[in-house]
Amino acid sequence: PVFSADDVRLKMLDKQSSANNSIAVMRDGKVLLPALRAGYSRLRFSRSEAEAISELASSNQRFVALDFAANLKAATSKNLQNSRIVHFATHGVVNSQFPELSGIVLSLVDEKGVSQEGFLRLHDIYNMRLDADLVVLSACETALGKEVKGEGIVGLTRGFMFAGVPTVAASLWRVEDRATADLMKRFYQRMILEKLPPAAALRQAQISMLKEKNSAHPFYWAGFTLQGDWK
């Protein structure tokens, strides 16, 4: 998504874009690049994540919303309602004290740089009706929420399950942009190409990152878990 009117995709100028490629960016709204403290930092690797995943499905079996198209309208469209797998790669906002303020951040400006509503809030999710077998929340702390006695954790995961989704992949802590994109690519390759069930596919993807020097630390791969029906 596009979070700011200062985004180079709006200005069509990218003279300094390569300078920030090596900076670790987290997929939550609390950690912002120094130059973008007024808004959410751009998640550069979420694009490659989306493109790699979409390439695993034929053109008539996928719906991809990138840049300005990754907006609230797209997130509540029939394209999502009828999908078997729904994937969000963006910032997550989780409020453990007031879970109704939790949500997923989508494009906050349009093609002209005009501000627009871009938060898919928890109450919006509760009002959705999805036929998906799996929703993947590729963002920070999306498995967290408020623990309510007798009900369990109330948060984004609970919201999607209420919307009709039996299985939700979500994160237990703040996750880094580049590593998360890598994990998701491996996850979908094993789930779609190797036809492994989601739990086995996620496990194999995590093991593959564990075996590589640059991603061996659990911080990079262990944060994501499956909630609900693990089969």
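Where is the place of Lys195? Lys195 sits in the loop between helix 7 and helix 8 (198-210). That spot gets its own close-up below, and every view here comes from a predicted model.

**View 1. Lys195, a residue with positive phi in the loop between helix 7 and helix 8.** Lys195 isn't a glycine, yet its phi is positive, near 60°. Its relative accessibility is 68%, and since anything over 50% is called exposed, Lys195 counts as exposed.

**View 2. Asp67, in the loop between helix 2 and helix 3 (72-75).** Here's another non-glycine residue with a positive phi, this one about 55°. To find Asp67, look in the loop that links helix 2 to helix 3.

**View 3. The buried residues of helix 2 (residues 45-54).** Five names to look for here: Ser46, Glu49, Ala50, Ile53 and Ser54 are the buried residues of this helix. They span an arc of only 120° around the axis, so they end up on the same side of helix 2. What do the buried residues of helix 2 pack against? Their packing partners are strand 1 (85-89), strand 5 (134-138) and helix 7 (177-193).

**View 4. Helix 2 alongside helix 7.** The two axes come within 8 Å and cross at roughly 5°. With the cut-off for roughly parallel set at under 35 degrees, that crossing makes helix 2 roughly parallel to helix 7. On the helix 2 side, the contact is made by Phe45, Ser46, Ser48, Glu49, Ala52 and Ile53. Helix 7 brings Asp177, Arg178, Thr180, Ala181, Met184, Lys185 and Tyr188. Sort the residues of this contact by type and you get six nonpolar, three polar and four charged.

**View 5. Strand 3 (residues 103-105) paired with strand 4.** How many bridges join strand 3 to strand 4? Three do, and the two strands run antiparallel. For a landmark in this view, pick out Val105, whose bridge partner in strand 4 is Phe119.

Definitions and conventions
Residues numbered from 1 in each chain as written. Predicted model: local features only at pLDDT ≥ 70, side-chain atom pairs only at ≥ 80, totals over all residues. Heavy atoms only, no water. Buried < 20%, exposed > 50% of the residue type's maximum accessible area, 1.4 Å probe, protein only. Helix = DSSP H or I, 4+ residues; strand = E, 2+ residues; numbered from the N terminus. Arc of directions from axis to C-beta. Contact = heavy atoms within 4.5 Å. Axes fitted to C-alpha atoms, helices over the stretch in contact; angles between N-to-C directions. Parallel < 35°, antiparallel > 145°, perpendicular 65-115°, else oblique. Nonpolar A, V, L, I, M, F, W, Y, C, P; charged D, E, K, R; others polar. Pairing = 2+ DSSP bridges.
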